[in-house]
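Work through the exercises below with the sequence and the structure side by side. Try each task before reading its solution.

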Amino acid sequence: MTKSIFVSVIILLVISVFDSAILSNISFLPAVPDFLLIAVIYLSLTNGRGYGSTVGFISGLFWDFLSGCPFGLNCLLRSVMGYLPGLFSRSINFSGFFIPASFGFIGTIAKVFFTWIISLFFPNLILNYNIVSVAFLFELICNTIFAPLIFKILGFFSKYISLNNGEL
């Protein structure tokens, strides 16, 4: 179990640095695809809700350190986003194209919804999500399209990141 969490943390660190250092500096993109969210969803589907919330919290720590967000915002958000797909870890086969794409789509919508819920409790928090904006639609489409690819890439590491019993 320690080896799987360590490998997952390394993968999440690489993805967060890639998201924040490379993708966010491409000026012609209206929004940055959230590959870190897709990785957390994959890890949660692979190992269950306890593991998903743990890696979600760790990915939130990475994202809080690398972005200008208030500390703890992404920890809370990504813990929830890691827990929810873990509810389906034993009941869904996510090896095809449409299931990962639908998880990317639903995960992006859920991320925006939970960010909006969190912003209700913190009125001074300025969030830049507008559901009818081009930036949100671009992120939604990119996360939907890239989710099967990221699931496939992370599938190469499945023997290193999956737990035997499926639950932390």
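The exercises go from the whole chain to single residues.

The model is predicted, so local features need pLDDT of at least 70 and side-chain atom pairs count only at pLDDT 80 or more, while totals for chains, interfaces and linings use all residues. Residues are numbered from 1 along each chain as its sequence is written, and side-chain values use heavy atoms, with hydrogens and water left out.

**Exercise 1. Elements**

Task: State how many helices and strands the protein has, and give their order.

Solution: Helices (H or I, at least four residues) and strands (E, at least two) are DSSP runs, numbered from the N terminus. The count is seven helices and zero strands. Read from the N terminus, the order is α-α-α-α-α-α-α.

**Exercise 2. Overall dimensions**

Task: Compare the radius of gyration of the protein with that of a compact globule.

Solution: Begin with the rule: 2.2 Å times the number of residues to the power 0.38, with the radius taken over C-alpha atoms. For 168 residues a compact globule would have a radius near 15 Å, and the protein has 15 Å, which agrees. Next, take the spans of the C-alpha trace along its principal axes, which are about 45 × 30 × 30 Å.

**Exercise 3. Burial and contacts**

Task: Find what share of the residues is buried, and what share of the contacts between residues at least 6 apart joins residues at least 24 apart.

Solution: Buried means under 20% relative accessible area, exposed over 50%, and partly exposed in between (1.4 Å probe, protein chains only). Of the 168 residues, 45% count as buried. A contact means heavy atoms within 4.5 Å. Among contacts between residues at least 6 apart in sequence, 72% join residues at least 24 apart.

**Exercise 4. The largest nonpolar core**

Task: Name the residues with the most contacts inside the largest nonpolar core, and the helix that gives the most to this core.

Solution: Such a core is a set of buried Ala, Val, Leu, Ile, Met, Phe, Trp, Tyr and Cys residues joined through side-chain atoms within 4.5 Å. The largest has 34 residues, and Leu12, Tyr42, Leu43 and Phe151 have the most contacts inside it. Two or more residues each come from H1 (2–22), H2 (35–47), H3 (49–66), H4 (73–86), H5 (98–121) and H6 (134–155). H2 gives the most, with 10 residues. Beyond four places in sequence, Tyr42 touches Phe94, Phe151, Leu154, Gly155, Ser158 and Ile161.

**Exercise 5. Pro30 and Ser44**

Solution: Pro30 and Ser133 are 103 residues apart along the chain, with 9.8 Å between their C-alpha atoms. Not counting residues up to four places away, Pro30 touches Val134, Ala135 and Phe138. Beyond four places in sequence, the contacts of Ser44 are Gly52, Gly82, Tyr83, Pro85, Gly86 and Ser89.
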